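Here are some comments for a colleague who wishes to go through the model point by point. Please read them alongside the coordinates.

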Amino acid sequence: MKVLANDGISKAGEQALKNAGIEVLENRVAQNHVIDFINENNVDVLLVRSATKVKQDIIDACPSLKIIGRGGIGMDNIDVEYAKNKGIKVINTPTASSKSVAELVFGHFFSLARFLHESNRLMPLEGETHFNAMKKSFNNAYELSGKTLGVIGFGSIGQEVVKIGISLGMKVKVLTRKPKTETITINFFDGQSVHFNITSTNDMDAFLKDSDFISINTPKTNEYIIDTPQFEKMKDGVYIVNTARGGVMNEVALIDFIESEKVAGAALDVFENEPSPELPLLMNPALSLSPHVGGNTIDAQEKIGVELAEQIIKLQKETIQ
Ligand SMILES: O=C(O)[C@H](O)COP(=O)(O)O
């Protein structure tokens with residue numbers, strides 16, 4: 001069996017596959033050469049992250065493909081149903097990177113609430129006057145503790161965001177299409193755990209009115225979840241972080257509401273025009289930005305690689321001679 005890990009795979013994942021007698025090709029093939037490469041090398045399994053798109057063209061033109069694996073959560077770069085209808089197994093790693101994404105959400109919240117993104121850019125400044133002026137300009141900072149965290153989406157990442165929020169002493173609200181209850185378990189270093197039953201709401205207006213810090217943690221949507229009418233209903237001075245997908249929040253409207261100071265600060269890890277975000281986003285001091293790195297930790301990539309390898313080995317045993 002041959003695997004093409006086109007957007008990379010961790011050493012641990014690669015080793016697990018090799019130990020099972022599976023060949024791993026680590027070539028990084030450009031999108032327009034993927035079909036030829038798969039056919040020339042008789043690839044059985046195509047592993048991707050979000051960079052490589054696996055759409056109908058690849059699925060139709062590559063009869064050797066038996067498994068498409070997404071190292072990560074969002075499957076919007078893969079024609080999942082189309083592949084499944086053609087008998088191709090499609091797998092992902094729905095929980096392996098959720099802690100990493102949730103930690104990035106809070107990295108951005110802390111950065112926004114304390115102006116870290118901006119002060120890092122502006123330091124070092126010469127002389128007491130500049131130093132003190134800068135210090136004064138960052139006076140209106142906030143603690144997260146005691147504030148209301150609004151989480152849009154209650155999947156594995158949303159739940160990890162909620163855990164961190166609770167641990168910081170935040171009040172937590174979760175917005176989902178239909179209300180649902182999840183038991184959130186926080187494990188402490190000494191082996192103790194606490195459990196919280198959290199029920200989400202579908203009352204968007206109340207959610208927007210109450211939330212001081214909003215994190216978007218949903219799959220990609222066809223329409224904006226956050227657009228002008230939603231911004232209008234938010235608290236003055238709200239902070240928003242989007243680590244979900246470009247397209248869940250209207251970036252043009254976001255800039256307008258930052259300019260009117262309705263939104264105090266926002267962070268984007270994902271962009272409508274990815275990988276080339278619009279210029280007004282890049283230059284805006286109220287924005288903390290990162291280049292789609294939610295799952296980019298050594299820890300998450302290790303877990304992702306190993307989980308993918310385990311699933312492939314299992315599928316190989318079950319279905320592929
Ligand atoms: O959907 C995901 O898993 C995250 O957005 C990470 O995407 P990436 O693997 O392309 O970094």
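1. How much area is buried between domain 1 and domain 2, and what percentage of it do carbon and sulfur atoms give? In this predicted model, about 530 Å² is buried between domain 1 and domain 2, with 54% of that area coming from carbon and sulfur atoms. The size of an interface is often expressed in this way, as the accessible area lost when the parts come together.

2. As for the division itself, domain 1 is made up of two segments, 2–92 and 298–319, while domain 2 covers 97–289. The centres of domain 1 and domain 2, taken over C-alpha atoms, are separated by 32 Å, and the contact takes six residues from domain 1 and six residues from domain 2. On the domain 1 side, the residues that lose the most area to domain 2 are Ile-73, Asp-76 and Ala-300, which together account for 68% of what that side buries.

3. Turning to helix packing, two packed helices are described by the angle between their axes and the distance between the axes. The axes of helix 5 (residues 98–114) and helix 8 (residues 156–167) come within 8 Å and cross at roughly 50°; helix 5 and helix 8 are therefore oblique to each other. The crossing in which helix 5 passes helix 8 is right-handed.

4. The contact between these helices brings residues of helix 5, including Val-101, Ala-102, Val-105 and Phe-106, against residues of helix 8, among them Ile-157, Val-161 and Ile-164. Helix 5 also contributes Lys-99 and Glu-103, and helix 8 contributes Glu-160 and Lys-163. By class, this contact of helix 5 with helix 8 comprises seven nonpolar, three polar and four charged residues.

5. Two backbone features deserve a check, because most residues other than glycine have a negative phi, and most peptide bonds are trans. Phe-115, although not a glycine, has a positive phi of about 60°, and Phe-115 is placed in the loop between helix 5 and helix 6 (116–122). The peptide bond from Glu-274 to Pro-275 is cis, with omega near 15°, and Pro-275 lies in the loop that runs between strand 12 (263–268) and helix 12 (279–282).

6. Finally, Glu-232 lies in helix 10 (residues 228–233). Leaving aside residues up to four places away in sequence, Glu-232 touches Phe-257 and Lys-262. Glu-232 and Lys-209 are 23 residues apart in sequence, and their C-alpha atoms are 9.5 Å apart in space.

Terms used: Residues are numbered from 1 along each chain as its sequence is written. This is a predicted model: local features need pLDDT of at least 70, side-chain atom pairs count only at pLDDT 80 or more; totals for chains, interfaces and linings use all residues. Side-chain values use heavy atoms; hydrogens and water are left out. Axes are lines fitted to C-alpha atoms, for helices over the stretch in contact, and angles run from 0 to 180 degrees between N-to-C directions. Helices (H or I, at least four residues) and strands (E, at least two) are DSSP runs, numbered from the N terminus. Angles under 35 degrees count as roughly parallel, over 145 as roughly antiparallel, 65 to 115 as roughly perpendicular and the rest as oblique. A crossing is left-handed if the near helix is turned anticlockwise from the far one by less than a right angle, and right-handed if clockwise. Contact means heavy atoms within 4.5 Å. Ala, Val, Leu, Ile, Met, Phe, Trp, Tyr, Cys and Pro count as nonpolar, Asp, Glu, Lys and Arg as charged, and the others, Gly among them, as polar. Domain bounds come from an automatic or database domain assignment. Buried area is the accessible area (1.4 Å probe) that two parts lose on being put together, summed over both.
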